[in-house]
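Please keep the sequence and the model in view while reading.

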Amino acid sequence: LKLKPLTRDFLERARLDVDLVGVRVTGVDSASWASIAGIRTGDVIRKMVLKPCDNLDQYQELMASLLETKDSEVCYNVVRSRKSLFLCVRPEWDAVVEFE
């Protein structure tokens with residue numbers, strides 16, 4: 001996933017609530033968990049595994065935790081076109097390559 005912080009400008013252009021918190025998806029690799037779950041460029045990730053994902057630091061903390069716990073299912077709560085969606089995927093942990 002390629003992510004950026006939410007900005008007021010983006011929220012206004014997307015006609016989203018300017019108080020919305022989360023991270024903006026700017027790119028999705030075709031074979032990633034996010035792609036398999038159905039996340040698209042332009043989505044706003046608000047939660048992962050039911051935990052807040054208010055900024056990029058929290059996203060990285062949640063991913064690090066998932067690499068340790070290897071949950072059987074990873075669910076994202078995203079906002080897309082002013083609708084809230086839950087998108088889930090069952091990761092294949094053996095295929096995960098850690099990143100720096």
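## Terms and basis

A residue is called buried when its relative accessible area is under 20% and exposed when it is over 50%, with partly exposed in between (1.4 Å probe, protein chains only). Helices (H or I, at least four residues) and strands (E, at least two) are DSSP runs, numbered from the N terminus.

The model is predicted: local features need pLDDT of at least 70 and side-chain atom pairs count only at pLDDT 80 or more, while totals for chains, interfaces and linings use all residues. Residues are numbered from 1 along each chain as its sequence is written, and side-chain values use heavy atoms, with hydrogens and water left out.

## Strand 5

In strand 5, seven of seven residues are buried. V74, Y76, V78 and R80 point one way, whereas C75, N77 and V79 point the other way.

Strand 5 runs antiparallel to strand 3, with four bridges joining them; two strands pair if DSSP finds at least two bridges between them. Y76 is the bridge partner of M48. Seven bridges join strand 5 to strand 6 (residues 83-89), also in an antiparallel arrangement, and C75 is partnered by C88. These two strands form a hairpin with two residues between them, and S81 in the turn has a positive phi of about 50°.

## Helix 3

The buried residues of helix 3 are Y59, L62, M63, L66 and L67. They lie on the same side of the helix because they cover an arc of only 140° around the axis, taken from the directions from the helix axis to the C-beta atoms. On the other side, D57, E61 and E68 are exposed.

Just after helix 3, K70 takes a positive phi of about 50°.
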